[in-house]
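Biologist: Could you put the model up, so that we can go through a few residues together?
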Amino acid sequence: QVQLIESGGGLVQAGDSLRLSCVASGRTFSNYGMGWFRQVPGKEREFVARISGSGGSTVYTDSVKGRFTISRDNAKNTVYLQMNSLKPEDTAVYYCAARITGTSAYKYWGQGTQVTVSS
């Protein structure tokens with residue numbers, strides 16, 4: 001069982017930056033690929049970025065490429081999402097999720113953190 005707790009959300013202006021953090025329980029954090037997703041009310045949850053267990057591989061959705069960076073610190077059981085040049089359309093609840101390396105489904109989810117970007 002893995003518990004995920006996100007933090008770092010807030011209200012910012014367009015062009016500002018935020019860094020989201022997600023701390024995971026457990027002792028085998030490096031065995032999990034981690035992802036960030038976001039959801040706007042009334043819309044489906046959207047993939048944002050993912051990172052491999054070692055941190056050596058990352059993938060981003062096109063709309064955040066060049067602005068967002070996902071990273072992880074396995075010694076701290078933490079995954080980060082650095083968000084720069086934020087836009088109003090980035091407004092959403094952001095969730096981190098964990099999947100066992102070698103599987104495709106994200107099995108564990110955090111409770112989400114709200115990011116609001118004003119224009």
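Modeller: Contact here means heavy atoms within 4.5 Å. This is a predicted model, in which local features need pLDDT of at least 70, side-chain atom pairs count only at pLDDT 80 or more, and totals for chains, interfaces and linings use all residues. Residues are numbered from 1 along each chain as its sequence is written, and side-chain values use heavy atoms, with hydrogens and water left out.
Biologist: What is Ser21 in contact with, leaving aside its neighbours within four places in sequence?
Modeller: With those neighbours set aside, Ser21 is in contact with Ile5, Glu6, Ser7, Trp36, Thr78, Val79 and Tyr80.
Biologist: And is Ser21 buried or exposed?
Modeller: Ser21 has a relative accessible area of 14% and is buried, where buried means under 20%, exposed over 50% and partly exposed in between, using a 1.4 Å probe and protein chains only. Ser21 is found in strand 3, residues 18-24, strands being DSSP runs of E with at least two residues, numbered from the N terminus.
Biologist: Changing topic, which residues does the disulfide join?
Modeller: The disulfide, meaning a pair of cysteine sulfur atoms within 2.5 Å, joins Cys22 to Cys96 with an S to S distance of 1.9 Å. The pair links distant parts of the chain, since Cys22 lies in strand 3 and Cys96 in strand 9 (residues 92-100), 74 residues apart.
Biologist: What is the handedness of the link?
Modeller: The link of Cys22 and Cys96 is right-handed, with 45 degrees about the S-S bond, and both Cys22 and Cys96 are buried.

Key
Helices (H or I, at least four residues) and strands (E, at least two) are DSSP runs, numbered from the N terminus.
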